[in-house]
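This report concerns a predicted model. The sequence and the structure are shown below for reference.

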Amino acid sequence: MKRSSFGESCHWACDWLERVGVGLTRARVDVLMAIAAFGGAFSADKLYYELQLAGAACALNTVYQTLNRFESSGLLIRGRDESRHAIFWLKQPDGDQYTLRLRCPHCGRVKEVYAPMAVIKLREAMEMNGLATSDLPIDVNVDCLICAA
Ligand SMILES: [Zn+2]
């Protein structure tokens, strides 16, 4: 697997594609990383523009094909904006493997948040530092607002 056109490690994007059963190609990794950079709903044209800015050699037709593939794999949801143009956004996966459990070490308050990018990047950092990973929610100790006051 080559590096993505985004210049950073594509490990988490490869991991995510493998989890949803989509074969790895450079275009798919580039498209997923561009989607992640949006962090919300996007159109195929906007995504294509982002890919061009990042220097990805990815044709508009390839972007459309990849979005269709991601949608049929359950990775994306397709909707329409107020102008009736197609827009896409990442689907929240089932289960809690992308959940962060924020726990206050003083009072024990717990808040679970869905944060796929953060979880995948944390797992990547854990693996690179020789720590074991699992699909269980990751616990993060952080002072709650009451205890921090
Ligand atoms: Zn607290």
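The text that follows treats the metal site and then the helix contacts.

**The zinc site**

In this predicted model, the zinc ion has four protein donors, the SG atoms of C104, C107, C144 and C147, which lie 2.2 to 2.4 Å from the ion. Along the chain, these donors of the zinc ion follow the spacing C-x2-C-x36-C-x2-C. The arrangement around the zinc ion is tetrahedral, because the four donor atoms subtend angles of 104 to 113 degrees. For four tetrahedral donors, the ideal angle at a metal is 109.5 degrees.

**Helix pairs**

| Helix pair | Axis separation | Crossing angle |
|---|---|---|
| α1 (residues 11–19) and α5 (residues 116–128) | 9 Å | about 110 degrees |
| α2 (residues 26–38) and α3 | within 10 Å | roughly 105 degrees |
| α3 (residues 44–53) and α4 (residues 60–72) | within 10 Å | roughly 120 degrees |

The axes of α1 and α5 pack at about 110 degrees, and the two helices are therefore roughly perpendicular to each other. The crossing of α1 past α5 is right-handed. From α1, the residues H11, W12, D15, W16 and R19 take part, and they meet P116, M117, I120, K121, R123, E124 and E127 of α5. By class, the residues of this contact of α1 with α5 comprise five nonpolar, one polar and six charged.

Helices α2 and α3 cross at roughly 105 degrees and are therefore also described as roughly perpendicular to each other. On the α2 side the contact involves D30, V31, A34, I35 and F38, while α3 contributes K46, L47, E50 and L51. The residues of the contact of α2 with α3 include six nonpolar and three charged, with no polar ones.

Helix α3 also packs against α4, with the axes crossing at roughly 120 degrees. Angles of 65 to 115 degrees count as roughly perpendicular, and α3 and α4 are therefore oblique to each other. α3 passes α4 in a right-handed crossing. Here A44, D45, L47, Y48 and L51 of α3 meet L60, V63, Y64 and L67 of α4. Eight residues of the contact of α3 with α4 are nonpolar and one is charged, and none is polar.

Conventions: Residues numbered from 1 in each chain as written. Predicted model: local features only at pLDDT ≥ 70, side-chain atom pairs only at ≥ 80, totals over all residues. Heavy atoms only, no water. Axes fitted to C-alpha atoms, helices over the stretch in contact; angles between N-to-C directions. Helix = DSSP H or I, 4+ residues; strand = E, 2+ residues; numbered from the N terminus. Parallel < 35°, antiparallel > 145°, perpendicular 65-115°, else oblique. Left-handed = near helix turned anticlockwise from the far one by under 90°. Contact = heavy atoms within 4.5 Å. Nonpolar A, V, L, I, M, F, W, Y, C, P; charged D, E, K, R; others polar. Donors = N, O, S within 2.8 Å, 3.2 Å for Na, K, Ca; no water. Tetrahedral: all angles 85-135°; square planar, octahedral: opposite > 155°, others 65-115°.
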